[in-house]
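This report covers a predicted protein model. It goes through sheets, helix packing, domains and the chain contact in turn.

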Number of protein chains: 2
Amino acid sequence: MKPYTFDKSEALMERARKVVPGGIYGHQNPIVLTKGAFPSFFERGEGSHVWDVDGNEYIDYMCSYGPIVLGHRHPKVEEAVRRQSQLGNCFNAPTPLWVELAEYLVSITPCADWAVFAKNGSDVCTWATEVARHATGRKKIAMCAGAYHGAHAWCTPAPAGVMPEDRANIVYFRFNDLQSLRNLVDENHGEIAGVIVSPFRHDAGFDSELPVEGFLPGVRDLCDRNGIVLILDDVRAGFRLHMGGSGELFGVRPDLTTYCKAIANGYPLSACLGRDSLRKAAQEVFFTGSYFTSAVPMAAALACLKELQAGNGIERMRVIGEKLREGMLAQARAAGFEVTYSGPPSMPYMTFKDDHGRHDRIKVFAGECARNGVYLAPRHNWFISAAHSEEDIRRTLEVTEQAFAAVRKQFA
Amino acid sequence: MKPYTFDKSEALMERARKVVPGGIYGHQNPIVLTKGAFPSFFERGEGSHVWDVDGNEYIDYMCSYGPIVLGHRHPKVEEAVRRQSQLGNCFNAPTPLWVELAEYLVSITPCADWAVFAKNGSDVCTWATEVARHATGRKKIAMCAGAYHGAHAWCTPAPAGVMPEDRANIVYFRFNDLQSLRNLVDENHGEIAGVIVSPFRHDAGFDSELPVEGFLPGVRDLCDRNGIVLILDDVRAGFRLHMGGSGELFGVRPDLTTYCKAIANGYPLSACLGRDSLRKAAQEVFFTGSYFTSAVPMAAALACLKELQAGNGIERMRVIGEKLREGMLAQARAAGFEVTYSGPPSMPYMTFKDDHGRHDRIKVFAGECARNGVYLAPRHNWFISAAHSEEDIRRTLEVTEQAFAAVRKQFA
């Protein structure tokens, strides 16, 4: 195979740096990737494969950092988009899809009586905290230290531009440490409006942690006994673990659930689902945006979720994800590495024990993979889609075997 | 003509109320419209016309509250969208359109050296205030009391869910009152990071005000002399008044300019453009979202803005807007009404003097228009698009003449 080169990506990046601060910002900032091994610009995608601007082809294990759950350009989603586009997208009021999608989401979600729609995960996570505050008349929001709930000032991982006032009402506990939340509730007696928590711990750069037995039900119980609104941030995991919300997998039913990412296979949509008890508060907290009622992403969402359901997509991602895990763990053992392969099979994250919390080996590993046609980021969980095939896994394991060897060689 | 009925809209609204708090929320909430005269759901659009779910046709003077600047489903925009959709939309990194669009925006904007992209107007307005804070090391943001800069807690028009801390660093001045800003700068000496202001006053429910001679240049001068970042919120007016930013029309060049609405003819995109002096701060304030780098809205934006430029769209909107204004003012005079017809011709707003700040007559007027095929909201500025034709204006003026008569009759 021809070695991958990135001349066009690099030329575009040079142009980008002149007209965009840093060239590319946010979670796709190439600074977190392996230097010289990853493309910075993409050309096209099809199913589980993507092509960069230099024509290099990759099996895509980032799925656009989550949104692509059925594979790129899934025919049923594209057909729904094409059909709606012929009518129009953005009007003075919603289209019937607004109602159909809300009804559908409520029908598949045991703990939801209503839905609202927006554009970003940040939109719905922030709004959910406001609904909790308005409903309870309390100020404070409890979140896990280090968790990602969006790029807004109250929770952004970067301090620049954040004022102390933005976080004056945020208090912190630890994931999988129910006692730390109990203490928080005691210390802030009657002041906590909401607890926001993801279904499993997936902080970038750290091993993922599934919730330990009893943790999420314990959070639910603490919330119930203290009149606290429980918000499940399912932006990243939603529709990859369970069609009814990831809480269903872990025995917890939140009061508010936030979705984005996989909801519409890459079309711009986020949602918050909630219980009747919060309907009045939800109606009163102003929430809007120029494109919140747009129809095309809603057509995409209905097609995407129905296809996930009909095609048993979640189970397929789990099975394929298990194969990848088994294969890679066997290779790691054979190559003499201790690795931690954490998170659910469809959203895995791998670290080398010898990296001791740094990312030296995983960066070499991910770079070697990328240069050989397997795209996975070195310090963020990966994403399986329902389009990943046995053949993809077979080819991927050829590449990862070489990648383990490359790490072995470099860190001999 | 068959009288308009809204049976399907009403049936959908009944379903919507069960699964969405309030049925429809935000700026498209039908509660602000004339009861019984407006549809709540749309089916399709083409050029300057839209059709609701009951098959009623309207000449559309809201343009989806701004985004539709070339008319619904403009062939050049749709073709660009179709072409990009065949490659894909949402990837692990941007496509070349990211660079092309940033370069294009910088090339047409005299005061901009760089651009960033997001999804909502709120995204970019809030981020701009954070960049101003980070760049200056100061806390406070000055805005005009009553202005709309988005739905985030620091500026939302509704108090529900807003904490005092959200506004602890917001101070207020009055549009067109330079002295009120001077006082603010004196009272908060060395503490104001940024001033955010729209190019003209367009607060919903109030007569619009163009900036008086010297106001915006005066704001610019005050900012310069006090090291304050000037943010022009061009979300609503952007690309309807001037291709280089609405400040060009009023003699002011901001440090940061925010765009949304008309930038991509209804496809979900917002942008913030800025000067070199703020590039470093912009690079450091974290900004991201699942769909920020998506390609389809960028293809739409390039096609939309180039067509606006090539087709002299802004001048066409001005000329058509003038005709509407002249026609309606003549009708108002003939019917014996004193009306205020404010704002630029392409974004007009009308009030009846006898409404004394309430909206009784304008609600009857707008309702009569809607029931006869002319869609304009009673307490929000209207939007002309480049697709509005002389024939649209002729037909519109037939309807508005009847509408003035209906107001006359009802308030006799």
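Helix α5 (residues 178-187) of chain B lies across β5 (140-144), β6 and β7 (192-197) of chain B. The helix runs at about 150 degrees to β6(B). Helices here are DSSP runs of H or I with at least four residues, strands are runs of E with at least two, and both are numbered from the N terminus. Axes are lines fitted to C-alpha atoms, for helices over the stretch in contact, and angles between N-to-C directions run from 0 to 180 degrees. Contact between two residues needs C-beta atoms, placed from the backbone, within 7 Å. Helix α6 (residues 215-226) of chain B also packs on the sheet, where it touches β7 and β8 (229-233) of chain B. The direction of α6 makes about 165 degrees with that of β7(B).

The model is predicted: local features need pLDDT of at least 70, side-chain atom pairs count only at pLDDT 80 or more, and totals for chains, interfaces and linings use all residues. Residues are numbered from 1 along each chain as its sequence is written, while chains are lettered from A and ligands numbered from 1 in the order in which they are written.

**Sheets**

An open sheet of chain B has seven strands in the order β4-β10-β9-β8-β7-β5-β6. Its pairing is mixed. Two strands pair if DSSP finds at least two bridges between them. The edges are β4 (114-118) and β6 (170-173) of chain B, and each pairs on one side only. Neighbouring strands of the sheet are turned by 20 degrees against each other on average, direction ignored. β4(B) pairs with strand β10 (residues 270-274) of chain B in the antiparallel sense, over five bridges. Phe117(B) has Ala271(B) in β10(B) as its bridge partner.

Another open sheet of chain B has four strands, ordered β1-β2-β3-β13, again with mixed pairing. β1 (42-46) and β13 (374-375) of chain B are at the edges with a single partner strand each, so one side of each has no neighbour in the sheet. Within this chain, β2 (residues 49-52) and β3 (residues 57-60) pair in the antiparallel sense over three bridges. His49(B) has Ile59(B) in β3(B) as its bridge partner.

In chain A, strand β2 (residues 49-52) and strand β3 (residues 57-60) are antiparallel, joined by three bridges. Val50(A) is bridged to Tyr58(A) in β3(A). The two strands β2(A) and β3(A) form a hairpin with four residues between them. Gly55(A), in the turn, has a positive phi of about 85 degrees. β3(A) also runs parallel to strand β13 (residues 374-375) of chain A, joined by two bridges. Here Asp60(A) stands opposite Tyr375(A).

| Helix pair | Axis distance | Crossing angle |
|---|---|---|
| α10 (residues 360-371) and α11 (residues 390-410) of chain A | 8 Å apart | about 140 degrees |
| α2 (residues 75-85) and α8 (residues 296-310) of chain A | within 8 Å | roughly 150 degrees |

Angles under 35 degrees count as roughly parallel, over 145 as roughly antiparallel, 65 to 115 as roughly perpendicular and the rest as oblique. α10(A) is therefore oblique to α11(A). α2(A) and α8(A) are therefore roughly antiparallel. The crossing of α10(A) and α11(A) is right-handed. The crossing of α2(A) and α8(A) is right-handed too. Right-handed means that the near helix is turned clockwise from the far one by less than a right angle, and left-handed anticlockwise.

The α2(A) side of the second contact includes Lys76(A), Val77(A) and Ala80(A), and the α8(A) side includes Ala299(A), Leu302(A) and Glu307(A). By class, the residues of this contact are nine nonpolar, two polar and three charged. Ala, Val, Leu, Ile, Met, Phe, Trp, Tyr, Cys and Pro count as nonpolar, Asp, Glu, Lys and Arg as charged, and the others, Gly among them, as polar.

**Domains and chain contact**

Chain A is assigned domain 1 (7-73 + 312-410) and domain 2 (90-294), with bounds from an automatic or database domain assignment. Their C-alpha centres lie 28 Å apart. The contact takes 19 residues from domain 1 of chain A and 18 residues from domain 2 of chain A. On the domain 1 side, α9 (313-334), β11 (339-342) and β12 (349-352) of chain A each give two or more residues.

The contact between the chains takes 87 residues from chain A and 88 residues from chain B. Elements of chain A that supply at least two residues each include α1 (7-19), α3 (96-108) and α4 (121-136). The chain A side has 46 nonpolar, 27 polar and 14 charged residues.
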